[in-house]
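Hi,

Here is the structure I promised to pass on.

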Amino acid sequence: KLTIHQGCDCVEPEIELRCRFLDHRLKKMTEYIRQYTICLKGFSEKELYHIPLEQICYMEAVGKKTFLYLKDQVLESPESLIRLEPLLFGTPVVRISKSCLINTDYLRSVRALVNHRMEATLTTGEKLIISRTYIPSLLKKLEGSETSSH
């Protein structure tokens, strides 16, 4: 059942979920909605952008820098993955390696590789390696159950 109340008495949008049991489908829905409440800062040249999380395909640490990968743009983040990961708990974002977080909404497929690793293919066509340490947390995320961060 979905009820929408639209009116001038609302200061900000509010979503309330009432359910007997929070099943897999409802958890996925709440993750999807929650990502729309988060914006991350990103720099390109000397310009600062506020990027909605739902537009970020993945985040990667390269050396001492963190990059946000959008469909058609790469921005540098002032935050490290270690600082971003707790902020993104309860969203479709999950760590897949020591240096990479992905937004599972952009995940097209995964396939097994040698050495107990996997390869993720994003809807953008990019391929990322999933370290064996992080495979269980990715699978739990895809199943809809939240895990604690590594």
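A definition to start with: buried means under 20% relative accessible area, exposed over 50%, and partly exposed in between, with a 1.4 Å probe and protein chains only. Mind that this is a predicted model, where local features need pLDDT of at least 70 and side-chain atom pairs count only at pLDDT 80 or more, while totals for chains, interfaces and linings use all residues. Residues are numbered from 1 along each chain as its sequence is written, and side-chain values use heavy atoms, with hydrogens and water left out.

**Overall picture**

The protein has three helices and ten strands (DSSP runs numbered from the N terminus: helices are H or I with at least four residues, strands E with at least two). Their order from the N terminus is α-β-β-β-β-β-α-β-β-β-β-β-α. The C-alpha trace spans about 50 × 40 × 25 Å along its principal axes, and 34% of the 150 residues count as buried. Taking a contact as heavy atoms within 4.5 Å, 45% of the contacts with a separation of 6 or more are between residues 24 or more positions apart.

**Salt bridges**

Side chains of opposite charge can pair when their charged atoms come close. The cut-off here is a side-chain nitrogen of Lys or Arg within 4 Å of a carboxyl oxygen of Asp or Glu, and a search of the whole structure finds six such salt bridges.

- Lys 141 pairs with Glu 31, with the closest N and O atoms 3.4 Å apart. This links distant parts of the chain, since Lys 141 sits in helix 3 (residues 135–143) and Glu 31 in helix 1 (residues 24–34), 110 residues apart. Lys 141 is buried at 3% relative accessible area, and Glu 31 is buried at 3% as well.
- Glu 85 pairs with Arg 95, the closest N and O atoms being 3.1 Å apart. Glu 85 belongs to helix 2 (residues 81–87) and Arg 95 to strand 6 (residues 93–97), ten residues apart. Both Glu 85 and Arg 95 are buried.
- Arg 111 meets Glu 119 at 2.9 Å, N to O. Arg 111 is partly exposed, with a relative accessible area of 47%, whereas Glu 119 counts as buried because its relative accessibility is 12%. Elsewhere, salt bridges that share partners join Lys 28, Glu 31 and Lys 141 into one network.

**Nonpolar cores**

In soluble globular proteins, nonpolar side chains tend to be buried together. I took a nonpolar core as a set of buried Ala, Val, Leu, Ile, Met, Phe, Trp, Tyr and Cys residues joined through side-chain atoms within 4.5 Å. The largest has 16 residues, and Tyr 58, Ile 96, Ile 102, Leu 128 and Ile 130 touch the most other members. Two or more residues each come from strand 3 (56–62), strand 6, strand 7 (100–103), strand 9, strand 10 (127–130) and helix 3. Strand 9 gives the largest share, three residues.

Leaving out residues up to four places away in sequence, the contacts of Tyr 58 include Phe 67, Tyr 69, Ile 102, Leu 122 and Leu 128. A second, separate core has 14 residues, among them Ile 51, Ile 56, Leu 84 and Leu 101.

**One more residue in strand 9**

Thr 121 lies in strand 9 (residues 118–122). Is Thr 121 buried or exposed? Thr 121 is buried, because its relative accessibility is 9%. Beyond four places in sequence, Thr 121 touches Tyr 106, Leu 107, Arg 108, Ser 109, Glu 126 and Lys 127.

Cheers
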